[in-house]
Amino acid sequence: MSTIRKLTRGLNKKYIINSILSPIVMIGEVVMEVIIPFIMAKIIDVGIAGKDLPFVAKYGAIMIGIAVFSLFCGVMGTRCSTVAAQGFAYTLRTRLYQKIQTFSFANIDRFSTASLVTRLTTDVNMAQNVYRMLIHMCVRSPFMLIAGTIMAFRMNSQLAILFLIAVPVIVISILTISTMAHPRFVAMMKKFDAFNGAIQENLIGIRIVKAYVRGDFEENKFRKAADDVRRAQVHAEKLIIFMMPIMQLVMYVSMIAVMWFGGRLVVGGQMLSGELISFFTYVTQVLSSIMFLGMVFVSLVMVQASNQRIVEVLDEVPDIDNPANPVMEVKDGSVEFDKVDFSYNKKADNCILKDINLKIESGQVVGIIGSTGSSKTSLVALLPRLYDVLEGSVKIGGIDVRNYDITTLRDSVAMVLQKNVLFSGTIKDNLRWGNKEATDEQIVAACKAADADGFINSFPEGYETMLGQGGVNVSGGQKQRLCIARALLKNPKILILDDSTSAVDTATEGRIRNALKELAPQTTKIIIAQRISSVKDADKIIVLDEGTVSAVGTHDELLETSKIYREVYESQQQGSGDADLAEESEGGEN
């Protein structure tokens with residue numbers, strides 16, 4: 001029951017009313033269906049046997065009226081159950097999506113994107129179908145079972161015992177098969193996760209797949225994932241497919257027995273022919289109800305795995321939440337790391353950042369240099385609380401980031417990540433992600449600062465140019481500049497550029513740096529870069545090495561004191577010199 005409460009919590013009043021009305025209306029349909037065989041018996045045994053045409057006409061009209069009312073109840077019950085099930089799915093899917101929005105990166109990492117997509121789609125669809133079946137059949141079928149059994153015993157208790165023998169056979173079969181099938185459906189849903197993951201990875205990286213001519217490899221990987229799903233489904237459902245033949249066998253054997261013994265009673269004058277026909281109808285109703293209940297039970301077993309996966313998301317506790325009395329204003333962009341240790345799995349023996357002590361004044365330009373895997377991105381991800389520290393504290397404006405209101409904090413920190421993401425819509429729509437109230441003048445100013453205004457105006461539609469999903473119709477450098485402009489529109493206290501100018505040339509990068517100084521002089525700018533030329537003019541440069549601060553200083557100071565920084569600088573200078581020699585050689589040959 002606790003699972004049902006969790007799944008149905010927050011259901012709109014309209015859908016609750018429809019959920020209640022559906023079984024009530026279905027009871028009306030059952031009552032009418034139970035009355036019809038009784039009237040039919042009267043027509044046969046009294047009207048037709050006595051050749052009383054007015055009696056036949058009268059009761060025939062009554063039976064037609066009851067049938068029409070039964071049809072009306074059936075239609076209304078189906079409509080109510082459909083509306084309720086659609087509302088249930090809408091509410092549940094909305095709750096899941098809203099819950100996911102509260103997750104930290106660590107929460108999302110625990111589930112994986114593909115698994116969350118499966119839970120929002122396939123799992124919710126299965127829960128929706130079973131919900132509809134429950135409110136539609138779980139009152140109708142038991143009520144039909146009880147009413148049909150009472151009417152059958154009322155007509156002939158000896159014959160009624162015959163078909164009641166079938167009930168325990170069906171119940172035992174359902175319980176046995178369902179118990180064996182449940183773990184197989186759990187395994188099947190895991191295969192669905194892997195299948196969706198393969199599709200998602202392929203579609204996101206489709207350009208890389210084509211560039212490396214790996215279409216055949218990806219097709220084989222897809223076929224394997226699809227075949228794993230197929231085999232898991234077959235393995236799970238091959239038990240369920242035995243359910244229907246078993247129930248039909250029991251049902252038909254019961255009917256044959258009723259026909260045999262009932263026919264002997266009619267021949268012996270102990271039962272009227274109309275009564276036997278009506279009794280046979282009641283037997284069909286009772287056994288059909290048992291079959292429907294069996295199908296509902298099987299569906300419950302099948303959906304149990306999906307329900308568990310949905311509840312896992314709803315029960316997940318976000319790693320990061322608002323404090324009881326949050327600070328609602330970020331005073332300035334000063335930053336302090338005080339003895340910070342950080343681990344993605346929250347284990348002290350697996351820290352990727354160790355004993356970080358740093359101070360950054362508000363408005364400073366700070367560069368971060370380090371080899372691949374030195375945890376540069378992890379360091380700055382702690383500022384907007386995308387993750388929380390394991391030990392120590394991170395302060396912005398002199399206050400621990402854990403004491404801020406999350407929305408206030410993140411509105412004060414703008415990040416341009418390594419992987420630049422744009423969304424379907426116009427360029428202007430994408431830019432307003434930074435500030436939905438931004439005026440056209442503010443948008444243009446931000447784009448000029450990011451050196452994006454020129455290429456935007458080169459498009460026929462200008463700022464109204466439609467971008468494909470992920471910004472596929474702009475280049476990598478253009479995408480980076482749009483993302484920088486989007487971040488500037490937030491007017492943040494801290495601006496983090498995580499290798500966000502790697503796809504632009506050095507001249508463009510220089511123009512962007514100069515524009516940022518003029519547009520946002522009070523904003524603290526943290527620049528993660530691979531090129532020393534990107535950070536050499538910074539107020540201070542931080543050198544990271546395997547998750548620790550190796551050195552801090554200006555460009556000139558680090559050339560004197562930091563071996564790591566000097567080696568990187570010399571290797572880049574040498575590479576630059578080789579490139580210049582190559583250009584001169586090509587020029588001489590020409």
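A residue counts as buried when its relative accessible area is under 20%, as exposed when that area is over 50%, and as partly exposed in between, with a 1.4 Å probe and protein chains only. By this criterion T426 is buried, with a relative accessible area of 8%. The structure is a predicted model, in which local features need pLDDT of at least 70 and side-chain atom pairs count only at pLDDT 80 or more, whereas totals for chains, interfaces and linings use all residues. Residues are numbered from 1 along each chain as its sequence is written, and side-chain values use heavy atoms, with hydrogens and water left out.

**The open sheet**

- Four strands form an open sheet in the order β2-β1-β4-β5, with antiparallel pairing; strands (E, at least two residues) and helices (H or I, at least four) are DSSP runs numbered from the N terminus, and two strands pair if DSSP finds at least two bridges between them.
- β2 and β5 stand at the edges with a single partner strand each, so one side of each has no neighbour in the sheet.
- Strand β1 is joined by five bridges to strand β4 (residues 391–396), and the two run antiparallel.
- Within this pairing, E336 stands opposite K395 and V335 stands opposite I396.
- On β5 (residues 399–400), which is joined to β4 by two bridges in antiparallel fashion, I399 is the bridge partner of I396.
- β4 and β5 form a hairpin with two residues between them, and G397 in the turn has a positive phi of about 60 degrees.

**Positive phi within strands**

- Most residues other than glycine have a negative phi.
- K339, in strand β1 (residues 335–342), has a positive phi of about 50 degrees although it is not a glycine.
- K339 is also exposed, with a relative accessible area of 55%.
- D355, in strand β2 (residues 353–360), likewise has a positive phi of about 50 degrees without being a glycine.

- T426 belongs to strand β7 (residues 425–426).
- The T426 side chain reaches the backbone nitrogen of D429 at 3.0 Å, a polar contact (a pair of N or O atoms within 3.5 Å; within protein, one must be able to donate a hydrogen and the other to accept it, and residues adjacent in sequence count only if both atoms are side-chain atoms).
- Setting aside residues up to four places away in sequence, T426 is in contact (heavy atoms within 4.5 Å) with Y463, E464, T465 and M466.
- S562 lies in the loop between α20 (555–561) and α21 (563–589) and is buried, with a relative accessible area of 3%.
- The side chain of S562 reaches the backbone nitrogen of Y565 at 3.2 Å.
- Beyond its neighbours within four places in sequence, S562 contacts V543 and A551.

**The second largest pocket**

- The second largest pocket has a volume of about 460 Å³.
- On a 1 Å grid over the protein atoms alone, a pocket is an open set of points where a 1.4 Å probe fits, with protein on both sides within 12 Å along at least five of seven lines, and lining residues have an atom within 4 Å of a point.
- Of the 18 residues lining this second largest pocket, I4, L7, L134, L300 and N307 are the closest to its centre.
- The elements giving two or more residues to the lining are α1 (2–8), α5 (113–137) and α12 (273–315), and α12 supplies the largest share, six residues.
- By class, the lining has 13 nonpolar, five polar and no charged residues; Ala, Val, Leu, Ile, Met, Phe, Trp, Tyr, Cys and Pro count as nonpolar, Asp, Glu, Lys and Arg as charged, and the others, Gly among them, as polar.

Terms used:
Points joined across faces, edges and corners; volume = space filled by probe spheres on them.
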